[in-house]
Amino acid sequence: MDLMEFKTQAFEGPIELLMSLVQKNKVDIYDIPIAVITRQYLEYLEHMEKMDLEVSSDFLVMAAQLLLIKSKMLLPKNDNEDADEDPREELVRLLQEYQIFKQAAEVVGVRQTAGDNIFFKEPSYIEPAVHDFTFKDLDIERLQDALANILERKDFLAKPSKQEFAHIMGRQKVTIISKMRELLNALECGAQVEFEEFFESMDSRMEIVAGFLAVLELLRLNKIEINRGKLVKREEYTTVAG
Amino acid sequence: MNVQGIIEAALFAAGDGIESAKLAEIAGVTPEQLSGIIAEMESEYGSGMRGVKIIRVGTKYQMSTRDEYGIFVSKIVTPKIFKPLSAAAVEVLAIIAYKQPVTRQFIEKIRGVECKFSIIKLLERDLIEESGRVDAPGRPVLYSVTECFLRTFGLASLDELPPLSQFQTEALSAEEGEMENDDIMVNS
């Protein structure tokens with residue numbers, strides 16, 4: 001046996017090494033000369049160590065198993081045990097299974113380029129169809145309705161008028177000055193204005209407050225006076241005379 | 001409406017495989033009728049040396065280009081080129097293909113060596129996938145081959161692989177063969 005050549009070979013695992021030893025020795029896996037194989041197996045591990053190769057624990061576990069089998073076979077057969085039981089049984093099963101899958105791998109392996117010459121298309125992206133719209137029962141009335149709808153909607157979208165906003169815009173700004181001017185103008189034309197009449201046209205709280213303050217301010221400035229519930233413009237002459 | 005036309009159009013548009021049950025439903029035929037119709041289409045495609053063919057991938061049907069035209073197709077489509085799998089990876093793949101779903105521990109027991117790296121490689125190539133977990137301590141992952149495996153290895157299903165028993169008989173000695181015969185006689 002060409003041991004040197006054999007020893008340069010690297011084995012992936014203990015079963016592969018064991019299988020090689022069985023094949024090298026040309027022995028039947030069902031009748032492994034366990035002493036010979038165990039010795040060669042251990043020699044190989046020693047060789048690996050000498051070559052500074054890391055002997056993984058898997059190899060050591062197998063070595064221990066081989067030694068156990070070897071020792072069991074040296075012991076005299078115990079009558080209580082099943083006569084058929086061979087300590088090598090587990091080993092045989094391992095090697096057998098390994099061999100089966102080695103062959104299976106060969107068959108599978110040759111197929112790895114089988115699909116190389118065929119090509120597939122990416123899935124087509126098709127726009128999802130709109131199912132609830134058909135032109136089938138479309139007539140002139142529906143078109144008119146559609147147009148009316150659009151116009152109505154356009155009306156809604158148009159800028160709302162100022163009046164529509166009046167209720168929303170609660171804080172309309174009313175100045176006291178503007179109310180003072182308004183009152184003086186009214187007195188200019190009609191000489192006298194009923195106190196309540198002045199507030200009649202006002203519809204916001206803000207405006208009424210401003211109007212009231214305007215009346216007070218004009219009284220303070222001696223521009224107007226109140227005569228029996230009527231607002232009257234104070235005569236110019238009084239100031240002139242003063 | 002032509003049933004073959006429906007099937008052809010659906011397979012073309014889908015690109016991916018279509019479940020045979022779904023395809024039968026679309027075409028308005030029974031799954032049994034479907035396989036007959038597709039076999040018919042396939043023989044027509046074949047005899048006409050058409051550019052496409054229909055393949056079965058597991059429970060799906062898929063349209064692909066015909067092998068003979070591969071060299072022409074590869075001039076416009078760059079095929080993905082993979083390095084051949086290592087011997088170890090092929091062994092792991094074979095064990096999964098024959099025994100799926102299996103755990104890494106199962107594979108390692110058969111091969112007597114760690115195979116984490118091979119599994120990672122095979123997962124990367126989308127040839128195997130995690131198909132579940134064992135309801136046992138540590139909940140180990142189960143691996144199975146993928147549809148991509150079937151396509152890559154030119155298989156319609158795993159049944160197309162030669163049965164393991166074929167290798168078994170080759171590996172078995174005459175002694176074991178006799179035992180098998182005895183078993184058969186007892187059974188009959």
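This is a predicted model: local features need pLDDT of at least 70, side-chain atom pairs count only at pLDDT 80 or more; totals for chains, interfaces and linings use all residues.
Let me open with chain A, where the bridge partner of A:Val193 within strand S3(A) is A:Leu231. S2(A) and S3(A) make up a hairpin, with two residues between the strands. One residue in that turn, A:Arg228, has a positive phi of about 50°.

I turn now to chain B and its open sheet. Three strands take the order S4-S6-S5, and the pairing is antiparallel. S4(B) and S5(B), the latter covering residues 128-133, are the edge strands, each pairing on one side only. Between S4(B) and S6(B), residues 141-145, there are two bridges. B:Val102 has B:Tyr143 as its bridge partner in S6(B). Helix H5 of chain B lies across S4, S5 and S6 of that chain, and runs at about 90° to S6(B).

To return to B:Val92: once its neighbours within four places in sequence are left aside, its contacts are B:Ile107, B:Cys115, B:Ser118, B:Ile119 and B:Leu122.

In H2(B), residues 20-27, the residues B:Leu23, B:Ala24 and B:Ala27 are buried. Viewed down the helix axis, the buried residues fall within an arc of 100°, and therefore line one face of H2(B). Their packing partners are helix H1 (3-14), strand S1 (18-19), helix H3 (31-47) and strand S3 (60-65), which belong to chain B. Just after H2(B) comes B:Gly28, with a positive phi of about 70°.

In H6(B), residues 104-111, the buried residues are B:Ile107, B:Ile110 and B:Arg111. Around the axis they cover an arc of only 90°, so they sit on the same side of H6(B). What do the buried residues of H6(B) pack against? In chain A, they pack against helix H2 (14-24) and helix H5 (89-109). In chain B, the partners are helix H5 (87-99) and strand S4 (102-103). The residue that follows H6(B) is B:Gly112, whose phi is positive, near 70°.

That brings me to the contact between the chains. In total, 39 residues of chain B are in contact with 33 residues of chain A. On the side of chain B that touches chain A, the elements giving two or more residues are H1, S3, helix H4 (70-76), H5, H6, helix H8 (147-152) and helix H9 (164-171). Which of the elements gives the most to this side? The answer is H5(B), with eight residues. By class, the side of chain B that touches chain A has 22 nonpolar, ten polar and seven charged residues.

Terms used. Residues are numbered from 1 along each chain as its sequence is written. Chains are lettered from A and ligands numbered from 1 in the order in which they are written. A residue is buried if 20 or more other C-beta atoms lie within 10 Å of its own, exposed if 12 or fewer, and partly exposed in between; C-beta atoms are placed from the backbone. Helices (H or I, at least four residues) and strands (E, at least two) are DSSP runs, numbered from the N terminus. The arc is that of the directions from the helix axis to the C-beta atoms. Two residues are in contact if their C-beta atoms, placed from the backbone, lie within 7 Å. Ala, Val, Leu, Ile, Met, Phe, Trp, Tyr, Cys and Pro count as nonpolar, Asp, Glu, Lys and Arg as charged, and the others, Gly among them, as polar. Two strands pair if DSSP finds at least two bridges between them. Axes are lines fitted to C-alpha atoms, for helices over the stretch in contact, and angles run from 0 to 180 degrees between N-to-C directions.
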